[in-house]
Structure formats: C-alpha cells, structure tokens
Amino acid sequence: MDSEATWNPDSSRLLGTSLRRLEDRSLVTGAGSFVGDLATEDDLHAHFLRSPVAHGRIMSTDIGGAGQMPGVAVVAVHDDLGLAPIPGAGGERFARPVLADGRVRYVGEPIVVVAAENSVQAVDAIGEIWVDIDALPAVVDAEAAEAGSLLFEGGNLVARHDPPTPSGT
C-alpha cells in the first residue's frame, strides 16, 4: 500500500491534510471500471420516483400503465416490497422505510421504484406515474423539529444535550 495514501494519527493531522487518492488515475484515463460498466444479460435498470416536497402525506399513487410499458419488469410501492425499514439514528422509532409509506419526510425520498430492461424504459415509465401528496409544513431546523410538525410518531427529538454549567454557579 502507498504510504502517502494512509493516515497515521500519531504522526500527522487529519484536518487540513491532503491524502493522495489512488483510484482517480485509472478512472479519469478510462482504465477503471464503474458499476455501470458491469453488465450481464439479464440486468434490470432501476429508477425511482422521488418526493418533490420536504414533508407530506401520500394521498394516492396511480401507477397507470407504467407496468405494461415496453421493457418494464416491475413497478413497486412500499406495500409491494415487504422489506424491513432501514435502521435510523436514535433507535427503531427513527427507522425509515425503503420506499415512502404513506408519508414523505424529505425532498427526494423514494416513493415508487421501476425496474426495466434499460434506463430509458425505466425513466419513461416513471413519467407515467402520478402521486398525490398533501404537503405539510417542512421541518428545517432544530427549533421547528422540537416544537412543530411531527416527522416521526412519538416526536422528532432523538436526544437532548444541554451544555454543562460552569462549576460554582
């Protein structure tokens, strides 16, 4: 391993220290491989319809004819997957679903996934899907999270840390 690319906490600082990246040369010269370069005969390409709002209730989802479009293998919403939520910081209460389940909590949260024979077909199918979202107030800072609209059942607060008081006061 190249010693310039490693960090030794005993002999150098992390902040303000440049590390030489080892992978860049092969990638920028065309000699490297990207995930998109790895292909097999039966690959499917997935694309997601994502939330355009920071917080809202999903009122309805209409996948229309997306599932019957050329090359489309799967169109799925939360209830179709049966997957366990992704663990969240702060415990089980903050776990989030793989696809939004009745509510979106951030711009870009995945709502629907489409898998198709190629990327163009998947994107075209996404264009046929309609989701009705009732926008709710966005929670954009700590004060709003503590006092305002709930993103999570049981409250938005993961933990509270009050600064220590100086001794003698």
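The model is predicted, with local features needing pLDDT of at least 70 and side-chain atom pairs 80 or more, while totals for chains, interfaces and linings use all residues. Numbering runs from 1 along each chain as its sequence is written, and side-chain values use heavy atoms, without hydrogens and water.

Ser51 sits in the loop between strand 1 (45-50) and strand 2 (strands are DSSP runs of E, at least two residues, and helices runs of H or I, at least four, numbered from the N terminus). Serine 51 is buried, at 3% relative accessible area (buried is under 20%, with a 1.4 Å probe and protein chains only). A polar atom of the serine 51 side chain lies 2.7 Å from the backbone oxygen of valine 53.

## The nonpolar core

The largest nonpolar core has 17 residues, of which Ile111, Val114, Ile129 and Val131 touch the most other members (such a core is a set of buried Ala, Val, Leu, Ile, Met, Phe, Trp, Tyr and Cys residues joined through side-chain atoms within 4.5 Å). Strand 5 provides the largest share of this core, four residues.

## The open sheet

Three strands make an open sheet in the order 4-2-6, with antiparallel pairing (strands pair if DSSP finds at least two bridges between them). Two bridges join strand 2 (residues 56-62) to strand 4, where arginine 103 stands opposite arginine 57.

Technical notes. Buried < 20%, exposed > 50% of the residue type's maximum accessible area, 1.4 Å probe, protein only. Polar contact = N/O pair within 3.5 Å; in protein donor to acceptor, adjacent residues only side chain to side chain.
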